[in-house]
Amino acid sequence: MISFYPGPSRVHDEIPVYVKQGFKEGILSINHRSDTFMQLCEKTVLLLRKKLGVPASYTIFFTSSATECWEIIAQSIVQEKSIHIYNGAFGQKWYEYTKRLRPGAESLPFHPDKKIDPKKLQELSGLICLTQNETSNGTQVSNAILKSIKNNNPGSLVAIDATSSMAGINLDFKNADIWFASVQKCFGLPAGLGLLICSPRAIQHASEFGEKDHYNSLNFMREMMNKWQTPFTPNVLGIYLLMRVLENSRPIRDLHEITLARYASWLEFLSKRKVITHLITTESVRSYTVIPVKGTPEVVEKIKAVAKREGILLGEGYGEWKSNTFRIANFPALKQTEIKKLMVILKKY
Ligand SMILES: *Cc1c(COP(=O)(O)O)cnc(C)c1O
């Protein structure tokens with residue numbers, strides 16, 4: 001089965017070989033306080049910097065998921081208030097989880113077809129939370145808009161959920177203080193590992209706040225990461241696989257070009273279809289990595305069934321678009337031949 005689900009999605013072909021080699025090397029049983037682990041941890045962090053362009057001054061942490069990052073941010077960064085600007089289910093969930101821990105959380109929902117106007121987001125107070133790529137409806141916020149929001153709010157920290165875009169498109173990390181993602185999306189890896197990336201300002205803020213009530217309090221995580229360790233036994237296999245995949249992956253600038261070219265070919269392809277269209281009408285807010293396709297519920301049902309028979313798994317529609325959309329991942333691990341195969345199926349519609 002080829003999974004075009006926007007996460008968990010297709011993993012790189014080399015994964016089974018890496019797992020076998022990791023087993024042979026004894027990686028699957030190493031102690032997370034050992035030198036071997038610390039070297040693995042350091043090497044993986046250095047590769048993330050090199051391949052994704054994460055600034056040297058930013059600290060990279062390993063978590064278990066993006067959802068865990070929502071909670072770490074709420075407990076260790078948000079003192080009173082956070083402001084959540086979102087247009088879909090993931091941004092809303094982030095808001096709801098945060099509100100349970102920090103009742104001062106505020107929401108600023110916007111329509112998926114609307115582009116954010118940074119001029120209307122000036123001098124907000126509290127942590128500004130944005131979902132760069134909203135996986136549920138296939139929209140994104142551009143680097144330029146993130147930059148304006150940051151510049152318009154010099155007194156606030158900005159946190160970005162880039163779960164379904166990191167490692168697929170080039171993100172300008174300087175435009176925010178906190179970034180996070182999990183690896184079962186654009187990284188093309190099995191689920192169970194998250195990444196949290198913090199600017200020096202975010203680290204300093206957490207340190208001044210001094211929150212240390214949880215096993216995953218950011219202050220503990222930082223103390224441990226200073227020694228290339230984690231407070232809990234981490235997903236060692238996941239980190240090892242990430243290292244192996246990064247070693248062989250192209251720099252993000254190249255991947256970005258590939259993602260963009262494939263996205264453009266999907267747009268052109270969809271523009272020629274009769275009964276299916278892109279869900280989002282405003283082209284400038286369309287995601288490069290998640291393509292939501294709309295049709296009648298009958299057509300959507302039919303397409304999913306036909307694709308399944310051909311060995312292709314499509315992403316289900318989300319929330320209010322459950323029955324009249326499906327989603328196509330445009331992640332780097334998917335192959336050109338697989339995309340062609342899916343296009344042959346969709347061509348009839
Ligand atoms: C998938 C996803 C999440 C949740 O990721 P987990 O690894 O399951 O915690 C959060 N935000 C966005 C935008 C996502 O696409």
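Tutor: Welcome! The model we will explore is predicted. One place to begin is Glu123, in the loop between strand 4 (106–109) and strand 5 (127–131).

Student: Why is Glu123 called exposed?

Tutor: Exposed means over 50% relative accessible area. Glu123 has 69% relative accessibility, so it counts as exposed. Its backbone deserves a look too: Glu123 is not a glycine, yet its phi is positive, about 45 degrees.

Student: Which category does Trp228 fall into, and why?

Tutor: Partly exposed is the range between the buried limit of 20% and the exposed limit of 50%. Trp228 has 25% relative accessibility, so it counts as partly exposed. Trp228 sits in the loop between helix 7 (218–225) and helix 8. Trp228 also has a positive phi, about 55 degrees, although it is not a glycine.

Student: Why is Thr63 called buried?

Tutor: Buried means under 20% relative accessible area. Thr63 has 2% relative accessibility, so it is buried. You will find Thr63 in strand 2 (residues 59–63). Leaving out residues up to four places away in sequence, Thr63 touches several others, including Cys69, Leu195 and Met221.

Student: What makes the approach of the Thr63 side chain to Ser65 a polar contact?

Tutor: The limit for a polar contact is 3.5 Å between N or O atoms. The side chain of Thr63 reaches the backbone oxygen of Ser65 at 3.2 Å. That distance of 3.2 Å is within the limit, so the pair qualifies.

Student: Which residues of helix 7 are buried?

Tutor: Leu218, Asn219, Met221, Met224 and Met225 are buried there. Among the elements that cover them are helix 2 (35–52), strand 2, helix 3, strand 10 and helix 6 (200–209).

Student: How do you know that Lys150 and Asp177 form a salt bridge?

Tutor: A salt bridge needs a side-chain nitrogen of Lys or Arg within 4 Å of a carboxyl oxygen of Asp or Glu. For Lys150 and Asp177, the N to O distance is 3.0 Å, and the two side chains meet in a salt bridge. This pair links distant parts of the chain: Lys150 is in helix 5 (residues 143–152), and Asp177 is in the loop between strand 8 (158–161) and strand 9, 27 residues apart. Both Lys150 and Asp177 are buried.

Student: What is the distance between Arg201 and Asp177, and what makes the pair a salt bridge?

Tutor: The closest N and O atoms of Arg201 and Asp177 are 3.8 Å apart. The limit is 4 Å, so this pair qualifies as well.

Student: What makes Lys304 and Glu316 a salt bridge?

Tutor: Their side chains meet at 2.8 Å, N to O, which is within the 4 Å limit. Lys304 lies in helix 10 (residues 297–309) and Glu316 in strand 14 (residues 315–316), so the pair ties together parts 12 residues apart in sequence. Lys304, at 15%, is buried, whereas Glu316, at 28%, counts as partly exposed.

Student: How many salt bridges does the structure hold?

Tutor: It holds 11 salt bridges. Arg10, Asp13, Lys335 and Glu338 are linked in a network of them.

Student: Which residues come nearest to the ligand?

Tutor: Of the 14 residues around the ligand, Thr67, Thr135, Asp161, Ser182 and Lys185 come nearest. Helix 3 (residues 66–76) gives the largest share of the shell, 3 residues.

Notes: Residues are numbered from 1 along each chain as its sequence is written. This is a predicted model: local features need pLDDT of at least 70, side-chain atom pairs count only at pLDDT 80 or more; totals for chains, interfaces and linings use all residues. Side-chain values use heavy atoms; hydrogens and water are left out. Helices (H or I, at least four residues) and strands (E, at least two) are DSSP runs, numbered from the N terminus. Buried means under 20% relative accessible area, exposed over 50%, partly exposed in between (1.4 Å probe, protein chains only). A polar contact is a pair of N or O atoms within 3.5 Å; within protein, one must be able to donate a hydrogen and the other to accept it, and residues adjacent in sequence count only if both atoms are side-chain atoms. Contact means heavy atoms within 4.5 Å. A residue is near a molecule or strand if one of its heavy atoms lies within 4 Å of it.
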